[in-house]
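Subject: Structure for your review

Dear colleague,

Please find below the structure that I am handing over to you. My notes on it follow directly after.

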Amino acid sequence: MEELKEIRLNDNRIILNNNLVKSGILPRVIGELDRDVVIQGNCVVEGAIYARNLEVEKGPLEVQGAIFTQLELHVNNDAKGKIVFRKAVGSADSIVSHAPGSSLMFLGDVNAKKVTLTNAFIAGSVFADEAVLNDSIVLGGVFATRSASINNCITGTFNSPRVNVSKSLGLLLPSAFSVEKISALPGTEIYSLSLADLGSLYKGSPQTKNSGKISINIDTDELKSVLNNDGGKQVLRSYSVIGKVLAADLLDIEKLNNHFLITAASLGNQLLTVYNLGADEKGNLIELTTDRLVTFFFEILHRKIDVQELDGSFELKDIISAFN
């Protein structure tokens, strides 16, 4: 890998191939604002990137600073290898990746007018006018001002005027929101992982009794609220298992380690130490590394790890006895 301590811009394109860039790729004068950056593979950029267009032809790639593009950040459809953006990524227009063969990781927030991602891991949240997510993990939320289309994903939550869901959608938090009623294709499964025993699943241990995923029915679990302000009224629909989460009073939530795992995955390289969940049967520490956590959540998404079901039903006498 050739080391570049300084990037000098002499034309409208910067092409990087097998390079270690020790600085950021930033314009110094107005004339340098309209330059494109092309990554041809095996590159590390230790600083931030500002470009008109940023094109990633293939990995591996690691960008340690923030990224902003005037037009588009685009990952080629046939890109392969590990592509890691360690800080926030933004675009005035679009962020696009349809590369199922790559391992794409955003370890901060993603913000653009239109975000279209396939097989991506986002440790933060997605902010967009229009968001289209396929086979992806979002530990934060999907917040779209116009519409969100979510196909076979796990997200923390979502909030958008229009939401289309297909295949499956797992929620890490108990509630999600939309203005119009969710549109779901027949056979779509929507469930909450807020009471799943992620800690035991991560360790490969038996899951705690009375833990598991809770199915969400978009008809019976919808709660319509009317919000009043000076400009008038707005209807907001929430899809929640809060009522069923009352059963959590029968559980020791801290032992599930859900928030611990999600926080470790979302903070990633910002943590000053690598945490662990103790040792396995062979005495090896079960460390909460970013790569291992990414693999874990994708294995849940792809059903390689089986999360038991929890119907969310409970009897009042059980809760009373638990308090007594």
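The accessible surface of the chain amounts to about 15,800 Å², and 49% of it belongs to carbon and sulfur atoms. Please bear in mind that this is a predicted model.

The chain contains five helices and 25 strands. It has 324 residues, of which 47% count as buried. When contacts between residues at least 6 apart in sequence are considered, 30% of them join residues at least 24 apart.

Aromatic pairs

A search of the whole structure returned five aromatic pairs. One of them is formed by Y50 and F68, whose ring centres are 5.9 Å apart; their planes meet at 25 degrees, so this pair counts as stacked, the limit being under 30 degrees. Y50 belongs to strand β6 (residues 49-56) and F68 to strand β8 (residues 67-75), so the pair links distant parts of the chain, 18 residues apart. Y50 is partly exposed, at a relative accessible area of 26%. F68 is also classed as partly exposed, with 34% relative accessibility.

F127 and F143 make up another pair: their ring centres lie 5.5 Å apart with the planes at 20 degrees, so these rings are stacked as well.

A charge over a ring

The charged end of K213 is placed over the ring of Y191, at 4.8 Å from the ring centre.

The loop at A88

A88 is found in the loop between β9 (81-85) and β10 (89-91). With a relative accessible area of 39%, A88 is partly exposed: this value falls between the 20% limit for buried and the 50% limit for exposed. Leaving aside residues up to four places away in sequence, A88 touches A66, I67, G108 and D109. The C-alpha atoms of A88 and L107 are 7.3 Å apart in space, while the two residues are 19 apart in sequence.

With kind regards

Conventions. Residues numbered from 1 in each chain as written. Predicted model: local features only at pLDDT ≥ 70, side-chain atom pairs only at ≥ 80, totals over all residues. Heavy atoms only, no water. Helix = DSSP H or I, 4+ residues; strand = E, 2+ residues; numbered from the N terminus. Buried < 20%, exposed > 50% of the residue type's maximum accessible area, 1.4 Å probe, protein only. Contact = heavy atoms within 4.5 Å. Areas by Shrake-Rupley, 256 points an atom, 1.4 Å probe, with all protein chains shown as cover. Phe/Tyr/Trp six-rings, centres within 6.5 Å; stacked < 30°, edge-to-face > 60°. Lys NZ or Arg CZ within 6 Å of the ring centre and 35° of its normal.
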